Amino acid sequence: MLEWAQPSDPYYDYCLWDYRPLAPTAGKLRSSTLLWHSFETLGAPPRLAEIVRAIKAEIGAFRTVWGVKKLGDRYSWELYFYDYGRLERTVSIERVLAAIAPFAGSNLALSSKRPYFMFSIDLDEDLGEGRRCVDELSVYLGNPSAMVSSGLCYQLSRTGLRFDNLYYFFDREKNWDDIVGKVCTSAHLDLAGLDPAAILWPELCDCGIVVVANKKHNDGVYFSRIRIDQLIWFVEKLDYPSSLQQFLRDNKSRLDHMLYDVGIDYRMIEGRIEILKSAYYGVV
């Protein structure tokens with residue numbers, strides 16, 4: 001399904017931070033088109049699209065960030081919900097779970113007095129086929145510091161909260177040395193002989209923001225605000241389905257007004273960088 005850009009459309013990156021489009025938007029596509037195309041290309045159960053539509057009807061357009069995730073030969077999706085009002089939020093866990101309850105139930109709950117600014121839900125075949133409920137959420141809180149913006153991620157399940165990840169947000173132009181230092185200081189990498197370019201891919205490093213994440217079993221790097229040529233390079237390098245790659249190439253001139261966000265999870269195995277997971281993002 002093609003969704004066409006409208007004159008009043010806002011433009012957001014995957015943190016729901018706004019930006020000005022790179023080119024005139026008349027006759028262009030919305031990034032949500034890439035989500036619908038991924039559902040079709042990757043054979044998603046129809047219920048997943050119904051979940052997205054139900055959420056959009058409840059909280060409004062351009063308030064849900066989506067991610068297409070590749071884990072080896074498997075694909076899944078994740079939906080992210082931001083509300084920087086924190087305790088004054090209007091987009092809450094309870095509201096989103098209620099909206100999708102007809103399609104996917106959940107017994108999860110978190111006190112509304114907790115100052116989270118974002119949470120996310122995984123979508124996969126099991127959820128789409130009704131073989132599981134929404135049995136886990138990722139919940140994100142701020143990590144105040146005068147040095148660099150960062151965030152804490154917890155997993156919420158029926159057993160409660162457990163700490164999961166720590167994310168650091170760096171300005172690519174101002175903080176390059178810190179980015180390299182943060183990537184190289186890792187429990188999952190051998191420092192001796194490490195080439196940072198094996199992780200900080202030069203083809204993507206003229207982006208706006210680089211996020212470095214420390215996770216339990218690996219680390220992650222996210223390149224925020226890249227261009228359509230770079231997104232095409234990313235999906236080709238990581239061997240996404242040829243039909244998905246071709247759609248981006250065929251519609252490049254309809255997608256070149258937007259910025260994109262991508263990420264990889266990685267670890268070192270016997271001196272070699274192994275990519276465990278990758279993802280690209282947009283807004284619906």
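**Exercise 1.** In which order do the 10 strands close into a barrel, and what is the sense of the pairing?

*Solution.* The model is predicted, with local features needing pLDDT of at least 70 and side-chain atom pairs counting only at pLDDT 80 or more, while totals for chains, interfaces and linings use all residues. Residues are numbered from 1 along each chain as its sequence is written, and side-chain values use heavy atoms, with hydrogens and water left out.

Step 1. Strands are DSSP runs of E with at least two residues and helices are runs of H or I with at least four, both numbered from the N terminus. Two strands pair if DSSP finds at least two bridges between them.

Step 2. The order of the barrel is β1-β2-β3-β4-β5-β6-β7-β8-β9-β10, and the pairing is antiparallel. On average, neighbouring strands of this sheet are turned by 25° against each other, direction ignored.

Step 3. Strand β1 (residues 64-71) pairs with strand β10 (residues 272-283) in the antiparallel sense over six bridges. Val68 has Tyr280 in β10 as its bridge partner.

**Exercise 2.** Describe how β6 pairs with β5 and with β7.

*Solution.* Step 1. Nine bridges join β5 (residues 149-157) to β6 (residues 160-171) in the antiparallel sense. The two strands form a hairpin with two residues between them. Tyr154 stands opposite Phe163 in β6.

Step 2. β6 also pairs with β7 (residues 209-214), antiparallel, over six bridges. There, Phe170 has Val210 in β7 as its bridge partner.

**Exercise 3.** Characterise the packing of α2 against α3.

*Solution.* Step 1. Helix α2 (residues 46-59) packs on helix α3 (residues 93-100) at about 130°, with the axes 8 Å apart. Axes are lines fitted to C-alpha atoms, for helices over the stretch in contact, and angles run from 0 to 180 degrees between N-to-C directions.

Step 2. Angles under 35 degrees count as roughly parallel, over 145 as roughly antiparallel, 65 to 115 as roughly perpendicular and the rest as oblique. α2 and α3 are therefore oblique to each other.

Step 3. From α2, Ile51, Ala54, Ile55, Glu58 and Ile59 meet Arg95, Val96, Ala99 and Ile100 of α3. The residues of this contact divide into seven nonpolar, no polar and two charged.

**Exercise 4.** Which strands do α3 and α5 lie across?

*Solution.* Step 1. Contact means heavy atoms within 4.5 Å. Helix α3 lies across β2 (74-82), β3 (118-123) and β4 (137-142), and runs at about 25° to β3.

Step 2. Helix α5 (residues 176-184) lies across β6, β7, β8 (219-226) and β9 (260-269), at about 145° to β6.

Conventions:
Ala, Val, Leu, Ile, Met, Phe, Trp, Tyr, Cys and Pro count as nonpolar, Asp, Glu, Lys and Arg as charged, and the others, Gly among them, as polar.
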